[in-house]
Amino acid sequence: MAGFTQARQQAILDAELVAGDYIAYSANGTSESPALVRTAVGSWSSATAATPSVKGNATALTSAAATAAATISHTAIFSAATGGTQRTDWQALTTSRTLAIGDQLTHAVGAITVSLD
């Protein structure tokens, strides 16, 4: 089965991922960790002119302080700070992060990405 054209991939990503999105954190890739509140994305870069097209965070991001110790292994994009709609599947981090109470996660520009592949 053929996939979307490059232009259509860009249009879908640009329409679906918006400034009001939030990053949620998971310790197991199936449910959200209560140790970290969601991080507001703020803004996304435009989807790339590539196949697959990729969209990433446009600014550096820092999470709130962890309220409990946890090992964070996955992230997902949600439509709201609490509740809301889960927009992406849980994606594994390159390296899990072990957090103590008060630790924060940082994400460089383009570190959080979404594609249609």
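**Reading the fold and its core**

Tutor: This predicted model holds 1 helix and 8 strands. From the N terminus on, the order is α-β-β-β-β-β-β-β-β.

Student: What makes the radius of gyration of the protein agree with a compact globule?

Tutor: Set the value against the rule. For 117 residues, a compact globule would have a radius near 13 Å, and the protein has 14 Å, so the two agree. Along the principal axes, the C-alpha trace spans about 45 × 30 × 25 Å.

Student: Which share of the residues counts as buried, and by what cut-off?

Tutor: Buried means under 20% relative accessible area. Of the 117 residues, 35% count as buried.

Student: What makes the largest nonpolar core a core?

Tutor: Its members must be buried nonpolar residues joined through side-chain atoms within 4.5 Å. The set has 18 residues, and I23, L36, W44, I72 and I77 have the most contacts inside it. Two elements give two or more residues to this core: β1 (22-26) and β5 (70-78). The largest share, 3 residues, comes from β5.

Student: Why might such side chains be found together?

Tutor: In soluble globular proteins, nonpolar side chains tend to be buried together.

Student: Which residues does I77 touch beyond four places away in sequence?

Tutor: Contact means heavy atoms within 4.5 Å. Among the partners of I77 are L17, I23, W44, T88, I112 and V114.

Student: How do you know how many contacts join residues at least 24 apart?

Tutor: Take contacts between residues at least 6 apart in sequence; 69% of these join residues at least 24 apart.

Terms used. Residues are numbered from 1 along each chain as its sequence is written. This is a predicted model: local features need pLDDT of at least 70, side-chain atom pairs count only at pLDDT 80 or more; totals for chains, interfaces and linings use all residues. Side-chain values use heavy atoms; hydrogens and water are left out. Helices (H or I, at least four residues) and strands (E, at least two) are DSSP runs, numbered from the N terminus. The radius of gyration is taken over C-alpha atoms; the globule rule is 2.2 Å times the number of residues to the power 0.38. Buried means under 20% relative accessible area, exposed over 50%, partly exposed in between (1.4 Å probe, protein chains only).
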